[in-house]
Amino acid sequence: MEPVISITHLNHYFGKGQLRKQVLFDINLEINASEIIIMTGPSGSGKTTLLTLCGGLRSAQEGSLKVLGKELCGASAKELTIARRNHGYIFQAHNLHGSLTAMQNVKMGLELHSDISTLEMNKRSAEMLELVGLGNRVNYYPDDLSGGQKQRVAIARALVSQPKIVLADEPTAALDKKSGRDVVDLMQQLAKEQGCTILLVTHDNRILDIADSIVYMEDGKLVKAPDSLMVS
Amino acid sequence: MLKFIQQLKRRTPLGWLQLNRHKSRFAVAISGVAFADILILLQLGFQNALFNSAIPLHLRLNADIVIFSPQAQNLTAMYTFPRRRLYQSLDVTGVKSQEAMYVSNVIWKNPQTRLKKSLLIIGFNPDNPAFDFPEINSQVNKIKLPDTLLFDSKARGTYDEVITQVEAGKSVTTEIEKRTINIGGLFPLGSSFSADGHLMTSQDNYLRLFPRQSESNVNLGLLQIKPGYDPKQVATTLKSYLPKEDVRVMTKEEFIAFEREYWASATPIGMIFNIGATMGFIVGVIIVYQVLSTDVNSHLKEYATFKAMGYRNAYLLGVVFEEALILAVLGFIPGLTISIGLYAIVHLGTNLPIAMTVSTASRVLIITFIMCILSGATATSKVQSADPADMF
């Protein structure tokens, strides 16, 4: 089976000219379908950069980065936009639109796919909110939801279009222990049901157990995870 | 096209929802657009009223072709030309009859308040009235009497007692150029920018009031043409027949345009109103820009998220333009309604022929769209800068 994400000899630089600084060094990584990969490591190690590259939010500069069989290295902004439609995103902050209800926010994740009818969109959005346990909050505005509930709406939005890949950056950082746990459990459960791959960046040691594999990053390089991390 | 409509139908009306969520900001924005529209509509209304108030007499002129002095600027400043040119014009084939008209500004004493006021006085041949004006033409016998005049019942000023007395059949006397005159009757015309009101009388009475103007010095010549002739063609012939240094020849339509043109360009009035309307437009642009850019700024994070999800720039630009169009339409409606009310107040207060026309309203609606789209386009520059990579 072909890997969902296949990275070979990927280098990435920030800045230009004299200020040009390499942030990723010769990254090689393969991620298979239906896996949950947790990327961890100290701040500034380049894990978020790698995540944004995989997600098509930045264009890759050097090496090869294939996502869902499509080469993203050197892709145009338009190609990246199209590629992003196959991904689900979960951010550290929920980033829900304050003027839209939970339901409308989730629907925005479907509206991109022009082959789905309005009826179908409403049905699927409602079902998705039911799945994340917010069936009774569909018409609430984000301001009227708790932090954990907002993050669950964000998850519903990311997953409603059944993406092949979900990219998450510190999804539990803004949540307390219990809500954080609920959120990752939910992600794990839905990922297994929909068969999607999750690439998750986190500092949160408490949630490492949901991972199928853990990637440890330091100073822009993939390294073997320190034993201490594995024990916890 | 069909696909576009289908797309529109399944689209979440994000612009509308965004505006509607912040009710007070939305209300401020709508009133801002309405305010700008009122400014523009009032300026255009005044401008139109001015131009229209300058021509009601022209519209009723009982002539196909007019001739007047080449120095003439407008009806209140016609200067004079020799009457023999009028007789001469009868030589041209197609000309049926000629008639002289005398017109000038005059100071009279308001019979009620005894204050001096400026009016436009017109003298014409009562046996061949100069205007298609039934209220005047039915009273021509009165002005055949010496020093008897007809008075404009819609003139601006305090004349209510005068009007009631004249209507009751009592004679009202006052003074013009140290001559005592009678008001023999009334006709409804109304004020214009150049005159508070009008007086009509026979040419003999007119000349008695202005002894320095001789009968042979005419202000305006009225020519009628025989049926079957084209006024334009006859006017062209007249132009070449009569000496250019003495007279100008115009058809009635050209004369109306001439008067409007004078008020539009020769005076700063047209420009003043245009500047006023432009100011309204600029105020509108600024208000809408403020509202839209605040809105875009406060949603920058959400927009970046949408971009990360795979929405194109064009989609988000569409949201801003959607907001701009909503503001344009919702601001225009109260703007138009209030303006119609203000027009009525201005009309009551000044008797100016100010009225909302479909053409003015639709012109301003288009201006409003341009105004909102211009502000929208400026506000969207921020949307482009929303970078999805910054979201992580």
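I first sorted the lining of the second largest pocket by class and found six nonpolar, two polar and five charged residues (Ala, Val, Leu, Ile, Met, Phe, Trp, Tyr, Cys and Pro count as nonpolar, Asp, Glu, Lys and Arg as charged, and the others, Gly among them, as polar). This is a predicted model, in which local features need pLDDT of at least 70 and side-chain atom pairs pLDDT 80 or more, while totals for chains, interfaces and linings use all residues. Residues are numbered from 1 along each chain, chains are lettered from A in the order written, and side-chain values use heavy atoms, without hydrogens and water.

I then looked up the volume of the second largest pocket, which is about 240 Å³ (the space filled by probe spheres set on grid points joined across faces, edges and corners). A pocket here is an open set of points on a 1 Å grid over the protein atoms alone, where a 1.4 Å probe fits, with protein on both sides within 12 Å along at least five of seven lines, and lining residues have an atom within 4 Å of a point.

Turning to the contact (heavy atoms within 4.5 Å), I noted 25 residues from chain B and 36 residues from chain A. Across this interface the rule finds one salt bridge (a side-chain nitrogen of Lys or Arg within 4 Å of a carboxyl oxygen of Asp or Glu), and I recorded the side chains of B:Arg21 and A:Asp143 meeting in a salt bridge at 3.9 Å, N to O. By class, the side of chain B that touches chain A has eleven nonpolar, seven polar and seven charged residues.
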